[in-house]
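Please look over the charged side chains and the surface of the structure below, and work through the questions that follow it.

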Amino acid sequence: ADVRSDARDTTLKTARQYAMYLARELTRGPFAQIGEYFEHRSHSTVMHACHRIEELLADDAALRQRIATIKQSFGNATSAER
């Protein structure tokens with residue numbers, strides 16, 4: 001709930017950007033649909049979040065590993081449901 005809220009403190013803002021990035025990567029849903037889920041944010045907000053996280057990933061191997069692990073765990077959960 002906090003990640004989806006309108007809170008603007010740095011910790012929540014960063015967590016929200018990660019969540020938006022992962023939502024896009026894992027669902028391939030439209031930016032507008034993802035933004036709607038995050039308390040009616042615009043598609044451009046989601047695009048900005050995705051670009052920002054991509055920039056961070058380019059320079060941070062540890063972050064790339066953490067994101068890959070998260071994506072893999074979601075992939076395994078999806079496979080187990082089939």
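Q: Is Asp-6 buried or exposed?
A: Relative accessible area decides the class, where buried means under 20%, exposed over 50% and partly exposed in between, with a 1.4 Å probe and protein chains only. Asp-6 reaches 57% relative accessibility, and the class of Asp-6 is therefore exposed.

Q: On what kind of model do these values rest, and which atoms do the side-chain values use?
A: This is a predicted model, in which local features need pLDDT of at least 70 and side-chain atom pairs count only at pLDDT 80 or more, while totals for chains, interfaces and linings use all residues.

Q: Which residue forms a salt bridge with Asp-6?
A: A salt bridge is a side-chain nitrogen of Lys or Arg within 4 Å of a carboxyl oxygen of Asp or Glu. For Asp-6 the closest N and O atoms of the pair are 3.8 Å apart, and the partner is Arg-41.

Q: Why does the pair of Arg-41 and Asp-6 tie together separate parts of the sequence, and how many residues apart are they?
A: Helices here are DSSP runs (H or I, at least four residues), numbered from the N terminus. Arg-41 lies in the loop between helix 2 and helix 3, whereas Asp-6 is in the segment before helix 1, so the parts joined by this pair are apart in sequence by 35 residues.

Q: What is the relative accessible area of Glu-39, which forms a salt bridge with Arg-4?
A: The closest N and O atoms of Glu-39 and Arg-4 are 3.7 Å apart. Glu-39 lies in the loop between helix 2 (31–37) and helix 3 (43–59), and Arg-4 in the segment before helix 1 (10–27). Arg-4 is partly exposed at 29%, and Glu-39 also counts as partly exposed, with a relative accessibility of 37%.

Q: How many salt bridges does a search of the whole structure find?
A: Among them is the one in which the side chains of Glu-25 and Lys-71 meet at 3.0 Å, N to O. Glu-25 lies in helix 1 and Lys-71 in helix 4 (residues 61–81), so this pair ties together parts that are 46 residues apart in sequence. Glu-25 and Lys-71 also belong to a network of salt bridges with Arg-28, and the search of the whole structure gives a total of 5.

Q: What is the distance from Arg-16 to the nearest side chain of opposite charge?
A: Lys and Arg count as positive and Asp and Glu as negative, with His and the chain ends not counted. Arg-16, found in helix 1, is buried yet has no salt bridge. Contact means heavy atoms within 4.5 Å, and beyond four places in sequence the contacts of Arg-16 include Asp-2, Phe-38 and Arg-41. The nearest side chain of opposite charge is that of Asp-6, at a distance of 6.5 Å.

Q: Which helix gives the most to the lining of the largest pocket?
A: A pocket is an open set of points on a 1 Å grid over the protein atoms alone, where a 1.4 Å probe fits, with protein on both sides within 12 Å along at least five of seven lines, and lining residues have an atom within 4 Å of a point. Asp-6, Arg-16 and Arg-41 are among the residues that line the largest pocket. With 4 residues, the element that gives the most to this lining is helix 1.

How values were computed:
Residues are numbered from 1 along each chain as its sequence is written. Side-chain values use heavy atoms; hydrogens and water are left out. Helices (H or I, at least four residues) and strands (E, at least two) are DSSP runs, numbered from the N terminus.
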